[in-house]
Amino acid sequence: MESGTPGPASDSATHVALVLFSAGYTLAAIEARHVAGLTKSAHLSRCANAEYLLLNAQLLNKAPTHWLTLQDAQGAWQLGVSGDVALAHIPITELFPLPSLIAARHVSPALRGLTLANQTVRLLFDGGALSPDLTL
Amino acid sequence: MTDTHQQRDDQPISLEDALARQGNDDRIIDVEEPCQQWVLFRLAGQRFALPGKAVNEILSGDQPVYFVPGLPASTEGVIHLRGNIESVVTLHALLDLPPAEQTGMLLIVSAAGIRSAVRIDYLDDVCDIPISALKPAPDTLSSQLMPYVAALWQPEVTPQERKCVKEETNGGSVERTAIVLLDPDALFNAYQQGLG
């Protein structure tokens, strides 16, 4: 599972470029076209921790180690993520749409699908549907 | 019974009359009574069923379930089934039952335009039930359960079963609890709306 290759190779018709990261102990990813930048620290006034924004975690397990720059209607903002951040081209055959009941009950309305990586789920979020102002 | 067959009680019936009476019996016995297939199972020791037409598959309960953070406890996660991902839900919370402690089995259920695995504690049977044997849910049923009940079915106890149970209970009374036949559309619609 998740046999995607890092770097710019791969056929864009059969692979999707994703930015892989962790939200606390949860593996997550956002489509690379939504990520405008990556920094080690937050420098924008609008920012949010991925563990809180994506999973509604009330107690944060890990402090952000990287900040992804994303865009919403109000402009640029930063998403604090933990763990290694990597660009990977994942074959579309390894991307699973979200089952209806999962979509209906998950805390984040931006969750779109998932992959299975080494017997672990990686959650795929729509970077265009995220906003630091989003209330779960 | 026709007038010609009516006899006084004190007169014995002749063979001729008896045969004529049997021959004129024009009642039609429907030997192929309409039936519905139901999958019978248990949750928290109680007996339930889902319509066979809604159950696509029955799987062993030890399938690896991948945990998905950010979901209520009634959603265990997902299973990877022949290249597809299916959600795995439990009905205990929705039906106000204590949580399960065993892996049981998984039913792949399609209803309300949704497909999901549903964990059950124990699979009893898959059987055809005559539609005429289905009873409406009584008003005494719990209000938590009522919205999801399609009907009740009280299985008949065969003489063989009665004998076995009598032996097991040392001649005690034979009692068979009614099976709650669930409406899968109502279950999935409620679950989707955030109940359970």
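This dialogue works through the features of a predicted model, beginning with chain B and ending with its contact with chain A.

Q: How many helices and strands does chain B have, and in what order do the elements run?

A: Chain B holds 3 helices and 11 strands. Read from the N terminus, the elements run α-β-β-β-β-β-β-β-β-β-β-α-β-α.

Q: What share of the residues of chain B counts as buried, and what share of its contacts joins residues at least 24 apart?

A: Of the 196 residues of chain B, 37% count as buried. For contacts between residues at least 6 apart in sequence, 63% join residues at least 24 apart.

Q: In what order do the 6 strands of the open sheet of chain B lie, and which are the edge strands?

A: The order in this open sheet of chain B is 8-1-2-11-10-9, and the pairing is mixed. The edges are strand 8 (122-130) and strand 9 (134-135) of chain B, each of which pairs on one side only.

Q: How is strand 9 of chain B joined to strand 10?

A: The two strands of chain B pair in the antiparallel sense over 2 bridges, strand 10 covering residues 149-153. B:Leu134 has B:Trp153, in strand 10 of chain B, as its bridge partner.

Q: Is B:Lys135 buried, partly exposed or exposed?

A: Buried means under 20% relative accessible area and exposed means over 50%, with partly exposed in between. B:Lys135 has 46% relative accessibility, so it counts as partly exposed. This residue belongs to strand 9 of chain B. Apart from its neighbours within four places in sequence, B:Lys135 is in contact with B:Ala151 and B:Leu152. B:Lys135 and B:Val109 are 26 residues apart in sequence, and their C-alpha atoms are 23 Å apart in space.

Q: In which sense does strand 7 of chain B pair with strand 5, and in which sense with strand 6?

A: Strand 5 and strand 7 of chain B run parallel and are joined by 3 bridges. Here B:Val89 stands opposite B:Val118 of strand 7. Strand 6 and strand 7 of chain B, in contrast, pair in the antiparallel sense over 7 bridges. In that pairing B:Ile108 stands opposite B:Ala117 of strand 7.

Q: How many residues lie between strand 6 and strand 7 of chain B in their hairpin?

A: The hairpin has 2 residues between its strands, and B:Ala112 in the turn has a positive phi of about 50°.

Q: Where is B:His92 placed, and is it buried or exposed?

A: B:His92 lies in the loop between strand 5 (84-90) and strand 6 (105-111) of chain B. Its relative accessibility is 5%, so B:His92 counts as buried. Leaving aside neighbours within four places in sequence, its contacts include B:Leu43, B:Ala44, B:Pro98 and B:Asp121.

Q: Which residues of helix 3 of chain B are buried?

A: An α-helix has 3.6 residues a turn, so residues three or four places apart point the same way. In helix 3 (residues 184-192) of chain B, the buried residues are B:Pro184, B:Ala186, B:Leu187, B:Phe188, B:Ala190 and B:Tyr191.

Q: Which residue caps the N-terminal end of helix 3 of chain B, and which residue just after the helix takes a positive phi?

A: B:Asp183 is the cap, with a side-chain oxygen 3.0 Å from the backbone nitrogen of B:Asp185. Just after helix 3 of chain B, B:Gly194 takes a positive phi of about 100°.

Q: How much area do chain A and chain B bury between them?

A: The size of an interface is often given as the accessible area lost when the parts come together. Chain A and chain B bury about 1800 Å² between them, 74% of it on carbon and sulfur atoms. In chain A, the residues that lose the most area to chain B are A:Leu101, A:Ile102 and A:Arg105, together 41% of what that side buries. The contact takes 18 residues from chain A and 24 residues from chain B.

Q: How many salt bridges and polar contacts are counted between the two chains?

A: The count is 0 salt bridges between chain A and chain B, while 7 residue pairs are in polar contact across the interface.

Q: Which elements of chain A each supply at least two residues of the side that touches chain B?

A: They are helix 2 (100-105), strand 9 (111-117) and strand 10 (120-125) of chain A. Helix 2 of chain A gives the largest share, 5 residues. By class, this side of chain A has 12 nonpolar, 5 polar and 1 charged residues.

Key: Residues numbered from 1 in each chain as written. Chains lettered and ligands numbered in written order. Predicted model: local features only at pLDDT ≥ 70, side-chain atom pairs only at ≥ 80, totals over all residues. Heavy atoms only, no water. Contact = heavy atoms within 4.5 Å. Buried area = accessible area lost by both parts, 1.4 Å probe. Salt bridge = Lys/Arg side-chain N within 4 Å of Asp/Glu carboxyl O. Polar contact = N/O pair within 3.5 Å; in protein donor to acceptor, adjacent residues only side chain to side chain. Helix = DSSP H or I, 4+ residues; strand = E, 2+ residues; numbered from the N terminus. Nonpolar A, V, L, I, M, F, W, Y, C, P; charged D, E, K, R; others polar. Buried < 20%, exposed > 50% of the residue type's maximum accessible area, 1.4 Å probe, protein only. Pairing = 2+ DSSP bridges.
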